[in-house]
Amino acid sequence: MSAEERSFSKTPGGKGALMEQLRPLLPPRRSIRRYGEPFCGGGAMYLHEFADHRPAWLGDADPWLMTTWRVIQSGDLGELCKLLAEHKRLHTEKGADHYYPVRDAQPDKLSPEECAARFIYLSKTGFNGLRRYNKG
């Protein structure tokens with residue numbers, strides 16, 4: 001998987017590390033009329049094998065993950081990149097004093113771009129590169 005195809009999210013149980021073993025099990029591309037992935041997660045299968053396939057349907061039970069996919073799909077990434085740069089700056093300056101308030105924020109009160117930036121930030125800075133949600 002090239003850097004351009006790498007996911008913004010590391011997901012427990014993700015297929016990225018298994019692509020070489022999974023590829024021989026896939027049907028021929030020309031036989032697929034629609035691509036659907038109900039457990040998208042980080043989207044490794046889609047990004048590695050089917051990103052150019054239309055129509056494609058990606059789904060997941062995590063609403064914040066799907067919001068992030070929709071923001072990225074929109075193609076207007078200027079605001080998202082600006083928010084991510086701000087998270088990076090604040091994380092460098094404040095560390096945990098920035099991380100924990102972001103983690104505790106209520107994503108349903110954020111704009112889609114803010115929610116996506118929060119999701120990616122938590123995904124990249126969480127323990128072992130994995131995000132987790134605590135019930136509080």
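Biologist: Which residues of helix α5 are buried?

Modeller: Start with the terms. Buried means under 20% relative accessible area, exposed over 50%, and partly exposed in between, using a 1.4 Å probe and protein chains only. Helices (H or I, at least four residues) and strands (E, at least two) are DSSP runs, numbered from the N terminus. In α5, residues 96–104, the buried residues are H98, Y99 and V102. Seen down the axis of α5, these buried residues fall within an arc of 100 degrees, so they line one face of the helix. The arc is taken from the directions from the helix axis to the C-beta atoms. The face turned away from the buried side carries the exposed residues D97 and D104.

Biologist: How should I treat the numbering and the model itself?

Modeller: Residues are numbered from 1 along each chain as its sequence is written. This is a predicted model, where local features need pLDDT of at least 70, side-chain atom pairs count only at pLDDT 80 or more, and totals for chains, interfaces and linings use all residues; side-chain values use heavy atoms, with hydrogens and water left out.

Biologist: What is the mean pLDDT of the protein?

Modeller: pLDDT is the predictor's confidence in each residue, from 0 to 100. The mean here is 84, and 88% of the residues reach 70 or more. Confidence is lowest in α2, with a mean of 81, and highest in α4, at 97.

Biologist: In what order do the elements run from the N terminus on?

Modeller: The order is α-β-α-β-α-α-α-α, which gives six helices and two strands. Buried residues make up 35% of the 136 residues.

Biologist: Against which helices do the buried residues of α5 pack?

Modeller: Packing is read from contacts, meaning heavy atoms within 4.5 Å. The buried residues of α5 pack against α4 (78–94) and α6 (112–125). Take H87, which is placed in α4. H87 is buried, with a relative accessible area of 13%. Not counting residues up to four places away in sequence, H87 touches H98, V102, A117, R118 and Y121.

Biologist: How many residues are in the largest nonpolar core?

Modeller: A nonpolar core is a set of buried Ala, Val, Leu, Ile, Met, Phe, Trp, Tyr and Cys residues joined through side-chain atoms within 4.5 Å. The largest has 20 residues, and those with the most contacts inside it are F8, Y35, Y46, F50, L58, W69 and L80. Helices α2 (44–50), α3 (63–74), α4 and α6 each supply at least two residues of this core. Leaving aside neighbours within four places in sequence, Y35 is in contact with residues including Y46, F50 and L58.

Biologist: Which residues line the largest pocket?

Modeller: On a 1 Å grid over the protein atoms alone, a pocket is an open set of points where a 1.4 Å probe fits, with protein on both sides within 12 Å along at least five of seven lines; lining residues have an atom within 4 Å of a point. The lining is Y46, L47, A51, R54, A56, W57, L58, M66, W69, R70, I72 and Q73. Two or more of these come from each of α2, β2 (56–58) and α3, and α3 gives the most, with five residues. The volume of the pocket is about 380 Å³. Grid points are joined across faces, edges and corners, and a volume is the space filled by probe spheres set on the points.

Biologist: Is L47 buried or exposed?

Modeller: L47, in helix α2, counts as buried at 16% relative accessibility.
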